[in-house]
Structures are given as structure tokens and as C-alpha cells.
Amino acid sequence: MDIVQTLCQEFHLKTQQCENVLRLIDDGNTIPFIARYRKEQTGSLDDQLLREIYERLQYLRGLDKRRGEIAAALEEQGNLTDELSDKLQKAATLTELEDIYRPFRPKRRTRATVAREKGLEPLALALLMQNETKGTAQELARPFVNPEKGVETAEDALQGARDILAEQMSDDADVRKSLRALAMRTGVLESKNAGGEDSVYATYYDFSQEARSLPAHRVLAMNRGEREGFLKVSLRLNDADCVGVLQKAFVRPGSVTTEQVREAAQDAWDRLLQPSIEREIRADLTDRASASAIQVFGKNLHQLLMAPPVKGRVTLGVDPGFRTGCKLAVVDENGKVLATGVGHFTLPGQEAARARARRDIIDLCQRFGVTAIAIGNGTASREAEQFIASLLPELPQGAAYMIVSEAGASVYSASKLAAEEFPQFDVSLRSAVSIARRMQDPLAELVKIDPKAIGVGQYQHDLKESQLEEALDGVVEGCVNSVGVEVSTASASLLSHVAGIGPALAKNIVTYREENGIQSRAQLKKVPKLGPRAFEQCAGFLRVRDSKNALDATAVHPESYDAARALLDTLGYRLEDIRSGGLTGLPARVEERGLSALAKELGVGEPTLRDIVRELQKPGRDPRDDLPSPILRTDVLDIKDLAPGMELKGTVRNVIDFGAFVDIGVHQDGLVHISRMSSRFIRHPSEVVKVGDVITVWVVDVDLKKQRIALTMLPPAKK
């Protein structure tokens, strides 16, 4: 297989462009580095497309490796013919390869194996040829009767021959391919109640849908219901159509053996192919559903990590609780812990404790100038929100609060990482600090947590661990590198996701920083184990804002420093102008000189020059600043206050296959079903909304008993 040509066709790439990408990958360059600093070679492909190319490349190389293994095995067996070799070369999937190898793969003992041992293979071949037009099949079988081998009668011989034929038919690669296509095209996946009581799977107690149109969340839900014993799931196929595929391939009318072949075809389907094809189709549906769920999870995680930070505010983090009280932590604008405490204000009837908590929180907020309060959305969140909202008039001017997802906070709080970061605090106080920091800088805090624990996926516990982990790690890496990291303050967790830096090197950077400080990018070369290759990959994504070299605070890579200085000199600017904002008119001067001519003069490519100009204009620009700011609330709303038709502002918390969950300021998120998202047809909610979006919604229905809120994004018709 020509991998380059295949990738060019699938991703619409030019040959040279594709070869460059593969060479950069094979040379050990990271995806963020290739996407950001090798645009001339890749044609400015973004990191998402580069990851897709990388994943496909791994599959195709695995396919080629398996092709070679099968060819070697067939050659060793003496079965490799020119025809088989040609089929192997043309096979485009692992399934096709395995189908070709299937007849030659060593098998466990089967009915066909036993029949061959009885010497019935020549009879099977004679039946399959269907050349005889005179006599009977029994007459053909009589010479093979051998009581010593257990073939007592002609019918015994015919049965054994049919067993051989059935296995041969079931191993035919072309037949299996046709049956798979037919099953996926016409099959219906059904689920029934397995005999249990009412459960969350009640929707699927009598459910059926065409396999080809099943959405991912239904496939995964049915799989889980079956695994937990609530459902019986099966693939319903038209047996006559499937047997027809076999008969078309093997049956030739007019022979005395035709009926024997027809019976073998029926047996091949009933006993061998039907169970096998059902397993394969269900596995294929699961793989597709998993890929879709991983993609949705990745998109949601990306939006959550890239949520706009609440900058420049001293923040109070509140981890709500009942019996043990609410844990409190005040952090400054940079996330440094200033004070901690505990307040008992969520249980009724404890007026003295509530009054004391009121005084303590007001004192903390006034003493440290708290203007932002982050309240975790777990147990007692509703009661904590009501209490905090009642304090706002007595807090510093402009004080407001936000409900913050606690997903994964407990995982982080109990981790070794949290213990190293806050050895002086217990688990619950660490959680309060994490909640406060999540509002200040979601990316810097959430990278400390296993992405699977963040809670923005669907059926993530049912997905293949390795695939999910690889995909989510790629999302985290992409987000961290697109924002950039301040090396003088970043945690080891954050640094470990920078291109070219892993956990061990991140710890080395932090240790070196604590002992020596880091005053420039060049100084990073002194960090133990951070060699030239690692420096090349990571340097552009690390910022040193207090460096004497103003370029160290930008995303300009050190390899382009000479070009950046030459650009400034050529256009009449000084390096110091970067910090002072004195580069007004830079794009206009570049345009006046001509981008192409200027790039040639400076010895860089046009994409690189564009990036340099953009970065010099807004050094260290945070892409999250361009997004809508999160909603900070100053009042409290109860689910009982909601009424159909009420208009609200909300923040999208999670996007799944059938809709989106939206935080509208009550304890329970509301659901906007996909059918209520747009007046036009959409295939997936992600076409309309993403995690972190601030949207306008209207209440459709409120179920107080089940604590469910139905919302719509479609404005109600005016009366």
C-alpha cells in the first residue's frame, strides 16, 4: 500500500505536503510544534487535522505490518499464491486481511476438522463442483462409507461433506464482506427487557432501530444495559436474504449435488455465519459509537479547558457540605492561598453557627478584597448558594458568585499531587482551593485532573481506555500549547503538557526554578535533561514575562528571534516597543513593504512572518480572552421559581448526542433537546452549541418530582 498516496487522497493533501508531515512526525516532532512552527512545510495544517493524519498513519502502518505477517505465515505454510498475494495487497482494512487469512489460520477442532480426518474432503469437493447430472448424491457418497472411521452410512458421509462445505463457505472472504455490508444495510438492533424491574434502561425494554441509523448514545446505552443484565440485545437480519448471498456464490442448479450444497449454505449461515456476523456488526457499531463518543468528549473537554478565566479577582472558594460544614479558601489573583476556614451555614436550625459563619465570611472578603466567589455544585450547593447570595450586599463592591463544577475535584484533592502541593491542608480544604482556582483559570487547574473525571462526556466508562486516554491527552496538549505557559509560575502538572516536556522534565524545571529562578528562555537549556531537541519543541510555548529579552514573553520561537529583530529594525521599531505597546501601525508597514518581499528579505516563510507580526502586536495574547466572559451571579433562583416561557441566560455545561445541559442558575441543569436547538435540521448539538457558551433559553417544562428542567433555544411565538 502506498501510504503517502492513500493519505493524500483521504485528506486532500499534496504529495510534497504529506511527505513533509510524515517526515516531521517520524523525526520525533510534536503535533503542537509542527502545527505552530512548521507551517511552510505542512501548508499551515492545524493541530486537529495533524492528529487525524497521525492516527490514520498509525492505522495504515499497522495494516502494512499485519499484511506482512500474514504473507509470511502463508508462505511458511506453502499456501501463498499470486492470487492471494494480490488480494492481500488490495485489502484496505484489518477485517479484510483477517478474512483472507481466515481459511488458513490454525483452528480449534471443528466438525469440519473431524470430517476431513474421516477422509471426506474429496466428497465435499465433488459436491461443490456440481458437475454430476446423473445418479444421486448418495451414490457419490457410498465409496466414502468407512465404519472404522465412524462413517457408517452414505448419509453420514454426506453430512460430513456438508460440514466441510459449510466451514469453507463461512471462511470465504468475499462472502463475509457481502454479508457484513448486507447486515449493516438492513439489520435491525433490538433490545428487550431481560426480566428485571423498572430501571434507567426502561426506554429500551421494547426497542428496535435500523443498525445503520443508530446514534452513538443508544448503542452504548444498550451495551451497558445488556452488560448489567437489564436488557437482551440482538441483531435481527433477514435470514432468507443472507442465505441468498451464499447460494448466489456457491449454488449452481441442475446437478444431483445442488441440494447438498444448498443445505450446506443454510447450515453455514445458521450455525457459523449468523452468530459471527452479528458479533462483527455489533462490534463495528460499538467501535463507531465509541469513536463518536470520544470525539464529543474531546470537543467538550476542549471547550471546558478553554473557558475564559476570571482574571484579576481575589476569589473565595466554597466546597459545600452539610454535617462537616462548608470548607473555605481565599486565593489571590494568581491563585496563591491567603486563608482557609470552615463555615457551618447549610443546615437549618443552627442560627448561632450561621451567624458566626456570616461574620467570618464577611471578614475574610473585606480583609482580602474578595470580589469573586466560586461555589462547588455538589452536595449542599443549593443551600450554600442561598447563603452566599444573602451576603453580597455586605461584601466589597462588585462581588458576585458563580457555581463551579466539582467534577474531579475530590479525585485531585486526594491525589499525591495535591498532597505535594498542599501538605498543610486536609483533603476538603484542598478541594476548596481547587474550586476557587477553577474559576480563575480553568485550564491551569483542570490539567491536574484525569480528563475522564471531569464529567463532560457520555458513557466514558464504557469506552476503550487507551483510545480515550490518547484522544483526551491530545486535547489537553492542544489547549495548553495554544494558550502558552508562564514558566516562572506554572505547576509541574501544567508544564508536563507543554510540547516536548513530560512529567519527569516538568519536575526538573520546577526544581531548577525553585533553586535558581528562570530569567530567560535561554536559561531553560541549563535544566537537567532538557536538551537541544526538547528545547526546540517547548521553547515557543513557554513564556518568561520578566525576561530582559521582550521576545521571551511572546510566542515567537527562539529560532525566529533574528528575523523578528530584523523586522523591527527594517520597519523602524525598537525591541522595547513590544512591552510598551509602541508597535502601532506594524501591519500597515508590513503591507506597505509587501509581505512576500519582506519574508524573502528576512529569510523566513510567509506564514511564519504573519505569525511574528501578529504576536508582536499582541505579545503573549491569550486566545481565551476573545470568548464571552462567564456569568457571575448576584441573585439566586429556585427551581420552584421557574415557569414555562420564562427567558433565562445560561452556560452550556455538557454537550451530548441528544442535546445539551445548561446551567441556568438553579441547582439542577436544564436540558435542551436537539429538537429544540435550531429551526433548521442539525445532525448533532455541537453544530449549534459548545461547552462554555453563554446562551439564551426559555423554560418549556419543569418536573419538580424528578427535578428535571426542559429548555428550548427557540424563542416562543409572540401572541
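This report walks through strands, salt bridges, helices, cores and loops in one predicted model.

The model is predicted, so local features need pLDDT of at least 70, side-chain atom pairs count only at pLDDT 80 or more, and totals for chains, interfaces and linings use all residues. Residues are numbered from 1 along each chain as its sequence is written, and side-chain values use heavy atoms, with hydrogens and water left out.

**Strands**

Start with strand E13, residues 670-673. Helices (H or I, at least four residues) and strands (E, at least two) are DSSP runs, numbered from the N terminus. The side chains of E13 alternate. Gly-670 and Val-672 point to one face and are buried. Buried means under 20% relative accessible area, exposed means over 50%, and partly exposed is in between (1.4 Å probe, protein chains only).

Which strands pair with E13? Two strands pair if DSSP finds at least two bridges between them. Strand E12 (residues 659-663) pairs with E13 in the antiparallel sense, over four bridges. There, Gly-659 stands opposite His-673. The hairpin of E12 and E13 has six residues between the strands. In this hairpin, Gly-665 takes a positive phi near 95°. Strand E15 (residues 708-712) runs parallel to E13, and two bridges join them. Val-672 has Leu-711 of E15 as its bridge partner.

**Salt bridges**

A salt bridge is a side-chain nitrogen of Lys or Arg within 4 Å of a carboxyl oxygen of Asp or Glu. By this rule the model has 53 salt bridges. Three of them are set out here.

| Nitrogen side | Oxygen side | N to O distance |
|---|---|---|
| Arg-176 | Glu-280 | 2.6 Å |
| Arg-282 | Glu-226 | 2.8 Å |
| Lys-448 | Glu-445 | 3.2 Å |

Take the pair of Arg-176 and Glu-280, joined by a salt bridge. Arg-176 lies in helix H12 (residues 173-186) and Glu-280 in helix H15 (residues 258-305), so the pair ties together parts that are 104 residues apart in sequence. Arg-176 is buried, with a relative accessible area of 1%. Glu-280 counts as partly exposed, at 22% relative accessibility. Glu-280 touches Arg-176 and Arg-180, not counting residues up to four places away in sequence. Contact means heavy atoms within 4.5 Å. Glu-280 and Arg-180 are 100 residues apart in sequence, and their C-alpha atoms are 7.9 Å apart in space.

Now the pair of Arg-282 and Glu-226, also a salt bridge. Arg-282 sits in H15 and Glu-226 in helix H13 (residues 216-227), so to speak linking distant parts of the chain, 56 residues apart. Arg-282 counts as buried at 15% relative accessibility. Glu-226 is partly exposed at 30%.

In the pair of Lys-448 and Glu-445, both residues are buried. Salt bridges can also form a network: Arg-36, Lys-39, Asp-611 and Arg-614 are linked in one.

**Helix H13**

How does the length of H13 agree with its number of residues? The expected span of a helix is 1.5 Å times one less than its number of residues. The twelve residues of H13 should span 16 Å, and its end C-alpha atoms are 17 Å apart, which agrees. Buried residues of H13 include Ala-216, Val-219, Leu-220 and Met-222. The buried residues of H13 pack against strand E1 (188-193), strand E2 (206-210), strand E3 (231-236) and H15. After H13 comes Gly-229, with a positive phi near 85°.

**Cores**

A nonpolar core is a set of buried Ala, Val, Leu, Ile, Met, Phe, Trp, Tyr and Cys residues joined through side-chain atoms within 4.5 Å. The largest one has 133 residues. Those with the most contacts inside it include Leu-246, Trp-269 and Leu-301. H15 gives the most to this core, with 16 residues. Apart from it lies another core, of 30 residues, among them Ile-3, Leu-24, Ala-35 and Leu-63.

**Two loop residues**

Most residues other than glycine have a negative phi. Ser-44 has a positive phi of about 65° although it is not a glycine. Ser-44 is in the loop between helix H4 (39-42) and helix H5 (47-77). At 41% relative accessibility, Ser-44 is partly exposed. Gln-130 also has a positive phi, near 55°. Gln-130 is in the loop between helix H9 (121-129) and helix H10 (137-141). Is Gln-130 buried or exposed? Gln-130 counts as buried, at 7% relative accessibility.
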